[in-house]
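Colleague: I should be grateful for a guided reading of this model. May we proceed feature by feature, with the general idea before each case?

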Amino acid sequence: GYAGRGVKDTNAVGDDETNNIAALEDYLKQELNISPPAIAKLKKNHPTLFQLSPNDKVKPVVKYLYSLLGYGDTMMAAPQSKKTKKVTKIVTNHPMLLQLDV
């Protein structure tokens, strides 16, 4: 039967989704230097993107994009670098790529 979970239970329904949204927003802002208005546009036009796990789904795809561009494993490039700007442009123009399995 249903065990029920209290409000303070960290595994309560909705908590993981809220954490994923915040974690993905932080990742997009800090690592890919995507602006808050661009993130808001992504949320509006591609809401399912924010249901993805940043660590399990998004980061591996971003790492793969870096490697496709010939940057090897330099995923943690500076947010202002040309490498990051290219990957950011790809992600913002084609956000559905982040849902691919790599």
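Colleague: Where is leucine 68 placed, and is leucine 68 buried or exposed?

Modeller: Leucine 68 belongs to helix 3. The model is a predicted one, and in it leucine 68 has a relative accessible area of 54%. Exposed means over 50%, so leucine 68 counts as exposed.

Colleague: Which residues form a nonpolar patch on the surface?

Modeller: Leu68 forms such a patch with Tyr64, Leu100 and Val102. Together these residues have about 410 Å² of accessible area.

Colleague: How far does helix 3 reach from its first C-alpha to its last?

Modeller: Helix 3 has 15 residues and reaches 20 Å, close to the 21 Å expected at 1.5 Å a residue. Helix 3 is followed by glycine 70, whose phi is positive, near 85°.

Colleague: What is found when helix 4 is read by these steps? Which of its residues are buried?

Modeller: Begin with the span. Helix 4 covers residues 82–93, and its twelve residues should span 16 Å at 1.5 Å a residue. The C-alpha atoms at its ends are 16 Å apart, which agrees. Its buried residues are Thr84, Val87, Thr88 and Val91. Because these residues fall within an arc of 105° when seen down the axis of helix 4, they line one face of the helix.

Colleague: What do the buried residues of helix 4 pack against, and which exposed residues does the face turned away from them carry?

Modeller: The buried residues of helix 4 pack against helix 3, residues 54–68. On the face of helix 4 turned away from its buried side are the exposed residues Lys82 and Lys89.

Colleague: Let us turn to charged side chains. How many salt bridges does the structure hold?

Modeller: A salt bridge requires a side-chain nitrogen of Lys or Arg within 4 Å of a carboxyl oxygen of Asp or Glu. The structure holds two salt bridges. One of them joins lysine 43 to glutamate 25, with the closest N and O atoms 2.4 Å apart. Lysine 43 lies in helix 2 and glutamate 25 in helix 1, so the pair ties together parts that are 18 residues apart in sequence.

Colleague: Which residue meets lysine 57 in a salt bridge?

Modeller: Aspartate 101 does, at 2.2 Å from N to O. Aspartate 101 lies in the segment after helix 4 and lysine 57 in helix 3, so this pair ties together parts that are 44 residues apart in sequence. Aspartate 101 is exposed, with 69% relative accessibility, while lysine 57 is buried, with a relative accessible area of 18%.

Colleague: What should a reader look for in a loop? Where is asparagine 33 found?

Modeller: One may check the backbone angles and the accessibility. Asparagine 33 is found in the loop between helix 1 and helix 2. Its phi is positive, about 60°, although asparagine 33 is not a glycine. Asparagine 33 is partly exposed, with a relative accessible area of 36%. Serine 35 is also placed in the loop between helix 1 (15–30) and helix 2 (36–45), and serine 35 counts as partly exposed at 34% relative accessibility. The C-alpha atoms of serine 35 and glutamate 25 are separated by 9.9 Å, the two residues being ten apart along the chain.

Colleague: Finally, what pattern does the chain follow along the sequence?

Modeller: The pattern is α-α-α-α, with four helices and zero strands. Of the 102 residues in the chain, 28% are buried. Among contacts between residues at least 6 apart in sequence, 58% join residues at least 24 apart. The accessible surface of the chain comes to about 6700 Å², and 54% of that belongs to carbon and sulfur atoms.

Key:
Residues numbered from 1 in each chain as written. Predicted model: local features only at pLDDT ≥ 70, side-chain atom pairs only at ≥ 80, totals over all residues. Heavy atoms only, no water. Helix = DSSP H or I, 4+ residues; strand = E, 2+ residues; numbered from the N terminus. Expected span 1.5 Å × (residues − 1). Buried < 20%, exposed > 50% of the residue type's maximum accessible area, 1.4 Å probe, protein only. Arc of directions from axis to C-beta. Contact = heavy atoms within 4.5 Å. Patch = residues over 30% accessible without salt bridge, like charges linked within 9 Å, V, L, I, M, F, W, Y side chains within 5 Å. Areas by Shrake-Rupley, 256 points an atom, 1.4 Å probe, with all protein chains shown as cover.
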